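The points may be read alongside the sequence and the coordinates.

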Amino acid sequence: MPKGFDLARDLDRHWLRWTLLAWVAVMAFYIHQRWGGIYWLSLADTDDNMRLAQVRAWMGGQGWYDLRQYRMDPPRGIDIHWSRIVDLPIAGLIWFFGWFTTPAWAERLAVGFAPMLPLSITMASVALVARRLVAPLAWPLAIVFLLGCAVTIRMFWPLRIDHHGWQLAALAVTVAGLADPRRARGGAVVGLASAFSLSIGLEMLPYCASAGAVIALRWVWHRDEARRMAAYAATLGGGCALGFAAFASNANYAMRCDALTPVWLSVMVVAGALLLALAAANPANRTLRLAAAVIAGAVIAAGFALLFPQCLGRPEGVSEELARTWLSNVREAKPIYRHPFDTAFPMAVLPVIGLVGAIVASWRARGTERFVGWVAVALFGAFACAMLLWQVRAAPAAQLLAVPGATALGWIIFPWLMTRTSVLVRVLGSVVAFMLVSGLFAGLVVRWMPVDRPDPRGKMISRAGARCTSLPALATLNRVPAATVFTHVDLAPRLIVGSHHSGITGPYHRNGDAILDVHHAFQRTPADFRRIAQAHGARYLLICPNMAETTNYRSRSPGGFYAQIVRGQVPGFLERVPLPRNSPYRLWRIR
C-alpha cells in the first residue's frame, strides 16, 4: 500500500467506489459460476421465459404499448399485465452486445448480465443504510450479509431477468430514503422508488403502502417532518402519473386491479394530494395531526371501496374455479407454514434475526437522530415477517429488509468478541456469531437434519422438469413445421422461447379461460380434449411425462385424458410423431 494510506479512512470516504468494485467482483463470480446456464439459455422460470419472449417481440416490431403475446393462442394472443420498464435494460444489452457478436450470443450475454444491474443499486442502498443507521464503516458487513440472503440474492442471478430484482432494488432505495436525515431528499427518494416499483408491477404494493404509513406517522409525531411528507407526496403522485403515461400497456387502461391501471393511479394521485395538503396545513397540535391523518386514510379507503368494489377481493380477478384449481396451488402463493421445513426454515430465520436486531438497535438509538430511522426499519421488518404468514413470495423482500438489523447485531457482537482475552473465544466465537447473525446456520441445519428429504418421486419430477425445458430438447421440436402446440401451462412459455412453435397459454391470471381450457382438456375425456384443442387451433399435442403440472392432472382425474395417454390408451385422432430416442417428450399430430 502507498505510504500513509489509511484503509479505514478510504473505506469511509470512498465507500461507493468500493461498493461498486465489490459489485463487479460479485458479477464476475456469478457469470463464471452460471456460465453453463448462460450458454444453454437456461431460463428455468416461466416468467423469465415470457420476459425474453416479450423483449423479442418488441425488438421485432411489436408496439411499445402492446404487450399481448401473440405466440400464445394465436392469432388472438394472450394478455400480459406487465410494463416495458424491465424490457428496456435487456433490449439495451442485446443491442450493445450485438455490435460484437452474433444475435444468439448477444441475447445470451444480455440475459446473463441484465439481472445484476439492479444488484448494484441494491448493494449501494444497503451500504448507505448501514452507514446512516449503524456506523460509517459498517457497510462492508451489510454487503456480506446481503450476499448471504439466499432467497434474495437468487433474484439477481444471471438469467433471472424478470422484474423481481428491480423491485427489490426499489425497496432497498426506499429503506435508504426512510433513513435519510435530510427530510425533503429522503421523502422524494421514497416517493420516486415507490412510483418506479408500482409502475413495474403491484408485487411491492404492501411495502409501498407501509413506507407511506411510516412517513405519515413520522409527521404525526413531529411536525418538522412535513417537508419529508410533502416531497414524498409530490413524487409519489407525479411519479405514478409519469410511469402510467410512459409505460402502461393498452390493456392496462381498463379498470383492472392487478397493475398500475386507472384504479391504482387514481389512488396514488389522491393519496399524494391529500398528504401534500396535510403537509401544507401542518397543524401544531399532535392530536390534530393524528386526526387529520386518520381522516385522510379513511377517505382513501372509503373512496376505493365505493368506486372500485371489484378490487376488494382478489386483485387478480379470477374465477372461483381458477383460484381453486390453479392460483391457490401456486407454491409461492402459499403461506410459509404450508411449506416443507427445508424450504420454510431458511426463509424465516434471517427476517426474525433482522427484526430482533432492529428492535435492539431502536432501543440503543433512543434519544438520537437514528431512532426514527431504526423504528421505521423495525416496522418494515415486522410487516415483512407478517407477510410470510400470507405468502412466501414475500421472502426475498423480508430477507432484504432484515439486513440492517442483522448488521446492527453484528456490529455490537463482533467488536465485543474481539476484546476477549481468549484466542479461542475471539476466533471460534466470531465464526459462530457470524453464522448465527447472518442466518447461514439455517442451511447447515437443513443439511444435517433428516427432515423433508427429497423422495424418489420428487427427484423424478425435478429431473423431468429440467430435461423438458432444456434447449437441446426443445430444438428437436423444430424438425416439425411451426404450428400451434397444445401443451402444459408451465411448459408453454419455454416452448415459445426455445422453439419456433406457438403455445396455448402460460401461467398468467388474465388468461383464466385459456388456463382452465388446458386443465379441462387434460383432465376430461378424449372428446373434450379434441374439441378444446380445435377451438384453439392446435395442430399438435406435446406432453412432458412426470413434469410437476402433469402430476396434478393424474391425481385429480385418474381416468382423464392425460392419465389415459400416459398409460398408452391413445385415441385414434392422435398420430404419433417420432422424436429422438432420448427425447423427454411425447408428440402427436391432432387429426
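**Note on helix contacts, cavities and a pocket**

1. The axes of α7 and α19 cross at roughly 35° and come within 10 Å of each other. Axes here are lines fitted to C-alpha atoms, for helices over the stretch in contact, and angles run from 0 to 180 degrees between N-to-C directions. Helices (H or I, at least four residues) and strands (E, at least two) are DSSP runs, numbered from the N terminus. The crossing of α7 and α19 is right-handed; a crossing is left-handed if the near helix is turned anticlockwise from the far one by less than a right angle, and right-handed if clockwise.

2. The model is predicted: local features need pLDDT of at least 70, side-chain atom pairs count only at pLDDT 80 or more, and totals for chains, interfaces and linings use all residues. Residues are numbered from 1 along each chain as its sequence is written, and side-chain values use heavy atoms, with hydrogens and water left out.

3. On the α7 side, Thr-122, Val-126, Val-129 and Ala-130 meet Leu-400, Val-403, Pro-404 and Thr-407 of α19, where contact means heavy atoms within 4.5 Å. This contact of α7 with α19 comprises six nonpolar, two polar and no charged residues. Ala, Val, Leu, Ile, Met, Phe, Trp, Tyr, Cys and Pro count as nonpolar, Asp, Glu, Lys and Arg as charged, and the others, Gly among them, as polar.

4. Which helices supply the lining of the largest cavity? At least two residues each come from α7 (117–133), α10 and α19 (395–418), and α19 has the largest share, with five. The volume of this cavity is about 90 Å³. Of its 13 lining residues, Val-126, Val-129, Val-175, Leu-400 and Pro-404 are the closest to the centre. The lining has eleven nonpolar residues, two polar and no charged. On a 1 Å grid over the protein atoms alone, a cavity is a set of points where a 1.4 Å probe fits but cannot get out, and a pocket is an open set with protein on both sides within 12 Å along at least five of seven lines; lining residues have an atom within 4 Å of a point. Grid points are joined across faces, edges and corners, and a volume is the space filled by probe spheres set on the points.

5. Helix α10 (residues 164–178) packs against helix α11 (residues 183–200) at an angle of about 165°, with the axes 8 Å apart. That angle makes the two helices roughly antiparallel (over 145 degrees). Their crossing is left-handed. Among the α10 residues in this contact are Trp-166, Ala-170 and Val-173, and α11 contributes residues including Val-189, Ala-193 and Phe-196. The contact of α10 with α11 divides into nine nonpolar, six polar and no charged residues.

6. The structure holds five cavities of 30 Å³ or more. Two or more lining residues come from each of α11 and α13 (226–247). Its lining has eight nonpolar, seven polar and no charged residues.

7. The second largest pocket has a volume of about 610 Å³. Its lining numbers 23 residues, and Arg-218, Glu-225, Glu-369, Val-372 and Gly-373 are the closest to its centre. Helix α18 gives the most to this lining, seven residues. The lining of the pocket includes nine charged residues, beside twelve nonpolar and two polar.

Notes. Angles under 35 degrees count as roughly parallel, over 145 as roughly antiparallel, 65 to 115 as roughly perpendicular and the rest as oblique.
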